[in-house]
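Open the model in your viewer and keep the selection tool at hand. The stops below say what to select next and what is there.

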Amino acid sequence: MLIGGFLIAILFVVIGVFVLGFANETLDIIAGLFGTHESETWTSPFPDYGIPGLEDNPIASLALGIGITGLILVLTFLIGWLVTRRKQKTS
Amino acid sequence: MHIPDGWLTLLMCIVFWIISLLFLVVAFWRTNRTLTEKQIPLMATLTAMIFAAQMVNIPVLFGTTAHLLGGPILATTLGPFTSLISMTIILVIQAFVFQDGGILTFGANLFNMGVIGTFIPYAILIGFLKLKPSKNSLIAGGFLGAFLGDLLAAIAAAIEVGLSTADITFLGIGLLTMTIHHSVIGVIEGIATVIILLTILRIRPDLLKGTLPKIESVDYGK
């Protein structure tokens, strides 16, 4: 399940990077029309899903997307494992 | 649907941070009692899939795009509390790593996508299954729940931003356009949710037994 799910997730990343990567969300458009400005309280390492200096390189974006997707898979697995492990100890 | 910093008043940010943290505490407490070890791979897989699916910007209407919420898929397979934890992981990565959604507005984003986007779909699906535990109820409840979960999460975001701008015109236009546009993506969300639900029911129905009541009596046509 983990491998199959991860492969499907990679497929989404590929589609997101190469086919349907352009974002033009409704709320952003309306906010722009009404002069609502975004403020920056945090400087993220990869703003807008791109590697600084390699924003126009789709291979770099693909590698980043796959890497972070893998990180989320492992992180969620660990959190789920910790939650159930603690239950076993307390019961 | 991710609200960036600067769009909401500080008061609204604080209120939603508190509300979302309370939900999250309860979510960890409940998940501690309900999540089984065999559900962990499903939780991890779906969370990664939803994150990746949110990178896909689907063309909706008039040149605009929207992405799947994913909360309904998580909620109807893992339950709303576990899915709130999954959505938190996704939103934390999106906000802190990709600047997709703000830090101050994180509470509001978590409330919209993690609470509304999961509890509403789950409640509707449970309602349908309690009325009649059948495959048709599963399809209808799964679809309607996902559709409304997506739509209401978008409407909530529009209301929050509209109230923060204190501009009644913004509120009106925001509500109208978000309702129209997210009705479209809501249909896609509904179809995706039903497909995932039926797939899991077909290959691993045991994973849904703790999440969906009376699921054992559903003839899923295996």
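Angles under 35 degrees count as roughly parallel, over 145 as roughly antiparallel, 65 to 115 as roughly perpendicular and the rest as oblique. Axes are lines fitted to C-alpha atoms, for helices over the stretch in contact, with angles from 0 to 180 degrees between N-to-C directions. Helices are DSSP runs (H or I, at least four residues), numbered from the N terminus.

This is a predicted model, in which local features need pLDDT of at least 70 and side-chain atom pairs count only at pLDDT 80 or more, while totals for chains, interfaces and linings use all residues. Residues are numbered from 1 along each chain as its sequence is written, and chains are lettered from A in the order in which they are written.

Select residues 135-165 and 168-203 of chain B, which are helix 6 and helix 7. Their axes come within 7 Å and cross at roughly 150°, so helix 6 of chain B and helix 7 of chain B are roughly antiparallel to each other.

Next, select residues 71-78 and 106-131 of chain B, helix 3 and helix 5. Their axes are 8 Å apart, at an angle of about 50°; helix 3 of chain B and helix 5 of chain B are therefore oblique to each other.

Finally, show both chains. Here 61 residues of chain B are in contact with 56 residues of chain A. How many salt bridges (a side-chain nitrogen of Lys or Arg within 4 Å of a carboxyl oxygen of Asp or Glu) are there between chain B and chain A? The count is zero.

Notes: Side-chain values use heavy atoms; hydrogens and water are left out. Helices (H or I, at least four residues) and strands (E, at least two) are DSSP runs, numbered from the N terminus. Contact means heavy atoms within 4.5 Å.
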